[in-house]
Amino acid sequence: MKSKLVLAFVALAIAFPFGATANAETTDTKGTDAQQSAQKAVGDATKTLQQTTTKLQQQQEQAQQQQEQQQEAQARDEAKAKVEAARAAAQSRKIALKQDICQAHKAQLIEQIPALSKSVTTIKQTLDSKYSQITAIYNSGKLTVSNYTTLNAQVLVAQQAAAAAVAAIDPGTITIDCNNNNLGMQLDSFRSTLDVARTALDNYRTTLVDLVSAMNASANAASNSSSTTTGGTN
């Protein structure tokens, strides 16, 4: 009888540890599943946040591009309006050119009109080239300018205004005919249109100078910071 009781006790003693181990494994499994679920939830939330952030950034970029395009279109329209106003003013002045004066300066006029037109076109091409170089430097990542977006938008607006003003100059519409009573008015209109283009080009140049100045300031700041760090290390 005693041996049966001992065996029963031993059996219970063996059974309980195994039962406790099984319960512990079940608990651990549940804990692992819960941890994995939590990690998955965090991962999904992070992914959703990243997607939302990316979408918002894209929307902001699109909105900025649309705004810049509207500003550029407005600049072109304003430049064209200035040209039309200048031409209208010339027509109202109705400046006449005497035949004897026309004959005396005819050769000079024939030479100067296309030359003046070419000069403003050349200036714009030069500024466009400089702008392309500046943009390439910035896009290379060598320089970081905090207000680059604002300054660049100003350049684009000025560039479009200059392009519209320069495009309005057409020396082919003027024929130096001293018998033409409207030649004086045509020359006055050409001069006025040329003035509008020059003003637009000056503004274009100014915006480029502002952008270059900001980039130079950034480069100097980076250089000074590097020198200070190097000096401190030494």
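Biologist: How much space lies in the largest pocket?
Modeller: In this predicted model, the largest pocket holds about 270 Å³ of space.

Biologist: Which residues lie nearest the centre of that pocket?
Modeller: Leu109, Leu187, Asp188, Phe190 and Arg191 do, out of 15 lining residues. Two or more lining residues come from each of α2 and α4. The most come from α2, which gives seven.

Biologist: How does the lining of the largest pocket divide into nonpolar, polar and charged residues?
Modeller: The lining has 10 nonpolar residues, three polar and two charged.

Biologist: What makes the contact between Asp195 and Arg191 a salt bridge?
Modeller: The cut-off is a side-chain nitrogen of Lys or Arg within 4 Å of a carboxyl oxygen of Asp or Glu. Between the side chains of Asp195 and Arg191 the N to O distance is 3.0 Å, so the pair counts as a salt bridge. Asp195 and Arg191 are four residues apart in helix α4, and therefore about one helical turn separates them.

Biologist: Why is Asp195 called partly exposed?
Modeller: Partly exposed lies between buried, under 20%, and exposed, over 50%. Asp195 has 30% relative accessibility, so Asp195 counts as partly exposed. Arg191, at 40%, also counts as partly exposed.

Biologist: Which other salt bridge does Asp195 form, and at what N to O distance?
Modeller: The side chain of Asp195 also meets that of Arg198, at 4.0 Å. Arg198 is partly exposed, with a relative accessible area of 38%. Asp195, Arg191 and Arg198 belong to a network of salt bridges that also links Arg93 and Asp188.

Biologist: How many salt bridges are there by this rule?
Modeller: The count is seven. One of the salt bridges joins Asp202 and Arg205, at 2.8 Å from N to O. These two residues are three apart in helix α4, so about one helical turn lies between them.

Biologist: Why is Asp128 called buried?
Modeller: Buried means under 20% relative accessible area. Asp128 has 19%, so Asp128 counts as buried. Asp128 is found in helix α2, residues 99-139. Beyond its neighbours within four places in sequence, Asp128 is in contact with Gln159 and Tyr204.

Biologist: Which residues have the most contacts inside the largest nonpolar core?
Modeller: Ile176, Tyr204 and Leu211 do, in a core of 37 residues. At least two core residues come from each of α1, α2, α3 and α4. The most come from α4, which gives 13. Not counting residues up to four places away in sequence, Leu211 touches Tyr131, Ile134, Tyr148, Leu151 and Val155.

Terms used:
Residues are numbered from 1 along each chain as its sequence is written. This is a predicted model: local features need pLDDT of at least 70, side-chain atom pairs count only at pLDDT 80 or more; totals for chains, interfaces and linings use all residues. Side-chain values use heavy atoms; hydrogens and water are left out. Buried means under 20% relative accessible area, exposed over 50%, partly exposed in between (1.4 Å probe, protein chains only). Contact means heavy atoms within 4.5 Å. A nonpolar core is a set of buried Ala, Val, Leu, Ile, Met, Phe, Trp, Tyr and Cys residues joined through side-chain atoms within 4.5 Å. On a 1 Å grid over the protein atoms alone, a cavity is a set of points where a 1.4 Å probe fits but cannot get out, and a pocket is an open set with protein on both sides within 12 Å along at least five of seven lines; lining residues have an atom within 4 Å of a point. Grid points are joined across faces, edges and corners, and a volume is the space filled by probe spheres set on the points. Ala, Val, Leu, Ile, Met, Phe, Trp, Tyr, Cys and Pro count as nonpolar, Asp, Glu, Lys and Arg as charged, and the others, Gly among them, as polar.
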